[in-house]
Amino acid sequence: LWEPPAFAALVRASADVGALERRWRQLKVTRVVHNHAAALYNRGLLAIHPWRARDLAVWAAFWRRHARVEAVADRVDGQEGGPYLYEIVPAAPRTVPPTLPGVEAAMAAVEDRQRRGDATGAAAIAREIDRIAGDFPEVRYFLAHIRAAGARGVDLEALERAEAGGLRDLALWGELAEGYAARGEPARALAMCERLERNDARVGTDLHRRVLWDLARAARGRRDAPEAERYLREGLRLAPRDGALWAELSEILDWLGRRGEAIEAARMAVECNPRHPGYRGTLGHMMRAS
């Protein structure tokens, strides 16, 4: 059977925050490790032991008062996550901790209602989570996605607030990168891509390539061919066998009047994807016209 978090029994047995503080002192626990990425992955199992609103409120109040980030993992990994080491201190920290251990079970309850088509029930649980623990960056990030259900995308400012609050999450950084690219802020988009690559190259490289593609297309829309070329060449550094990038570069080079280089780029597009009729047609047209 899946066991609830070790602290859950203490919370349920405590009448209020003061009682939980006394029980915690008796146990002399001074450190807590929370790997929120792993907890999110297992949130469906955590939901076997659901939170009551009262218990979650007691736990959130305790964590707010006493949890201080002591250390974080050197990197965040797509498979292993990136644990936080919290020190339990007597005095209240000045900032809200980035994560709230165990809240993932409450998140799973919202998602379960959504899967069952109970939008009203899901919204009610989400409002309760927001009321009790909406100031934790981990919770803010989750609620931003719940509010965006059915909308065009997650609010970029909500993502920025979660990141500024210390939440270290690959998906969050990826969404910020794409959001900044869409908002026309290439420097910030690429900085997020580079952060992703430093933490997990498997995740970061593919996203970096997609963001560079989007930036190149945006530059082309602005008729800024040199900028588009720069982004495409950077994308090809990451993905040298990407036929779409070579095909787009071919068009940009032809636009710049560099027909020889454009033909070579078109040839590379065909080499990467020889069955693509558009690539073969473009190469043939350029060679006949040269």
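User: What should I know about the model itself?
Analyst: It is a predicted model: local features need pLDDT of at least 70, side-chain atom pairs count only at pLDDT 80 or more, and totals for chains, interfaces and linings use all residues. Residues are numbered from 1 along each chain as its sequence is written, and side-chain values use heavy atoms, with hydrogens and water left out.

User: OK. At what angle do helix 15 and helix 16 pack?
Analyst: About 155°, with the axes 9 Å apart; axes are lines fitted to C-alpha atoms over the stretch in contact, and angles run from 0 to 180 degrees between N-to-C directions. The two helices are therefore roughly antiparallel, the term for angles over 145 degrees.

User: Which residues of helix 15 and helix 16 meet?
Analyst: Arg259, Ala262, Ile263, Ala266, Arg267, Ala269 and Val270 in helix 15 meet Tyr279, Arg280, Leu283, Met286, Met287 and Ala289 in helix 16. Contact means heavy atoms within 4.5 Å.

User: Switching to Leu249. Which helix is Leu249 in?
Analyst: Leu249 belongs to helix 14, residues 243-255. Its relative accessible area is 0%, so Leu249 is buried (under 20%; exposed is over 50%, partly exposed in between, with a 1.4 Å probe and protein chains only).

User: What is Leu249 in contact with?
Analyst: Leaving aside neighbours within four places in sequence, Leu249 is in contact with Glu229, Leu232, Arg233, Leu236 and Ala265. The C-alpha atoms of Leu249 and Phe142 are separated by 38 Å.

User: Phe142 is in helix 8. Why is helix 8 largely enclosed?
Analyst: Eight of the eleven residues of helix 8 (residues 137-147) are buried, so the rest of the structure largely encloses this helix. Among the buried ones are Tyr141, Phe142 and Leu143.

User: What do the buried residues of helix 8 pack against?
Analyst: They pack against strand 1 (31-34), helix 3 (36-41), helix 6 (104-115), helix 7 (119-133), helix 9 (156-164) and helix 10 (170-182).

User: And which way does helix 9 pass helix 10, left-handed or right-handed?
Analyst: Helix 9 passes helix 10 in a left-handed crossing. They pack at about 135°, with axes 10 Å apart.

Key:
Helices (H or I, at least four residues) and strands (E, at least two) are DSSP runs, numbered from the N terminus. Angles under 35 degrees count as roughly parallel, over 145 as roughly antiparallel, 65 to 115 as roughly perpendicular and the rest as oblique. A crossing is left-handed if the near helix is turned anticlockwise from the far one by less than a right angle, and right-handed if clockwise.
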